Amino acid sequence: DPLVQETPDDGMMTRQTLILGNERFRVGPWHADPAIAYLALTPDVPRASPDGLRRSLLRLGDDGYSSVITAALHPDEAQSFLLAGFEEYDRLRVLSHPLIDLDPPRRDHDTGICLRRARTTDRRSALEVDRRAFNPFWRLDSDGLDEALDATPRTRFRAATRGDLIGYAVTGRAGTQ
């Protein structure tokens, strides 16, 4: 089964595409622990089969990984993973709010914080903010930020600055969600 390596312009290794028959998975080391494999569906594959997942586990074991963690999964996507023996590790909270009949924004005081569209040059600072905000297991690396930015068809990457970048947000939209 082929494993396609992809190298971005900066020369650093990125995740790879594991092709198993008609199924494709994004795989690579989990940034917090290189013995843990990261496994995600590719955007063009809406659902994996339990058999394809079992075969990917065998391949990852052969590659020296000791365990596997998935990307965040919708409950419909998770079913195949559960049938293949995966267990829930953590629960992601996805919040929704209708965008009609909103109260106008209020400004209680000027904080000096500027919110703007993030630039490519903000990536390194955003990852530093992420490193300082989260424990090692949940910190994003460059690949993780790429995955977040590619997770939905429409994405916004915003920066909060007060001179330097002090925060960031990645939001996405798929359909009406």
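In what order do the elements of the chain run from the N terminus on? They follow the pattern β-β-β-β-α-β-α-β-α-α-β-β. The model described here is predicted, and its secondary structure amounts to four helices and eight strands. The points below begin with the chain as a whole and then turn to a sheet, a helix and the nonpolar cores.

**The chain as a whole**

- The chain has 177 residues, of which 30% count as buried.
- Along the principal axes, the C-alpha atoms fill a box of roughly 55 × 40 × 25 Å.
- The accessible surface of the chain is about 12600 Å², and carbon and sulfur atoms account for 51% of that area.
- Among contacts between residues at least 6 apart in sequence, 51% link residues that are at least 24 apart.

- Three strands form an open sheet in the order 6-7-8, and their pairing is antiparallel.
- Strand 6 and strand 8 are the edge strands, each pairing on one side only.
- From one strand to the next, the twist averages 25°.
- Helix 3, which covers residues 123-133, packs on this sheet and touches strand 7 and strand 8. The direction of helix 3 makes about 95° with that of strand 8.

- Strand 6 (residues 114-117) and strand 7 (residues 154-162) are joined by four bridges.
- Two positions illustrate this pairing: Cys114 stands opposite Thr161 in strand 7, and Arg117 has Arg158 of strand 7 as its bridge partner.
- Nine bridges connect strand 7 with strand 8 (residues 164-173), again in the antiparallel sense.
- For Phe157, the bridge partner in strand 8 is Val170.
- Strand 7 and strand 8 form a hairpin with one residue between the strands, where Gly163 takes a positive phi near 85°.

- Helix 4 spans residues 142-149, and its buried residues are Asp143, Gly144, Leu145, Glu147 and Leu149.
- The cover over these buried residues includes strand 3, strand 4, helix 3, strand 7 and strand 8.
- Asp141 caps the N-terminal end of helix 4, with a side-chain oxygen 3.3 Å from the backbone nitrogen of Asp143.

**The nonpolar cores**

- The largest nonpolar core contains 13 residues. Phe25, Val27, Leu39, Leu53 and Phe81 touch the most other members of this core.
- Strand 2 (16-20), strand 3 (23-30), strand 4 (33-41) and helix 1 (50-62) each supply at least two residues of the core.
- Strand 4 gives the most to this core, contributing three residues.
- Another core, of nine residues, lies apart from the largest one, and its members include Ala126, Leu145, Leu149 and Ala159.
- Leu145 and Leu149 are also among the buried residues of helix 4.
- In soluble globular proteins, nonpolar side chains generally tend to be buried together.

Notes. Residues numbered from 1 in each chain as written. Predicted model: local features only at pLDDT ≥ 70, side-chain atom pairs only at ≥ 80, totals over all residues. Heavy atoms only, no water. Pairing = 2+ DSSP bridges. Axes fitted to C-alpha atoms, helices over the stretch in contact; angles between N-to-C directions. Contact = heavy atoms within 4.5 Å. Core = buried A, V, L, I, M, F, W, Y, C linked by side-chain atoms within 4.5 Å. Buried < 20%, exposed > 50% of the residue type's maximum accessible area, 1.4 Å probe, protein only. Polar contact = N/O pair within 3.5 Å; in protein donor to acceptor, adjacent residues only side chain to side chain. Areas by Shrake-Rupley, 256 points an atom, 1.4 Å probe, with all protein chains shown as cover.
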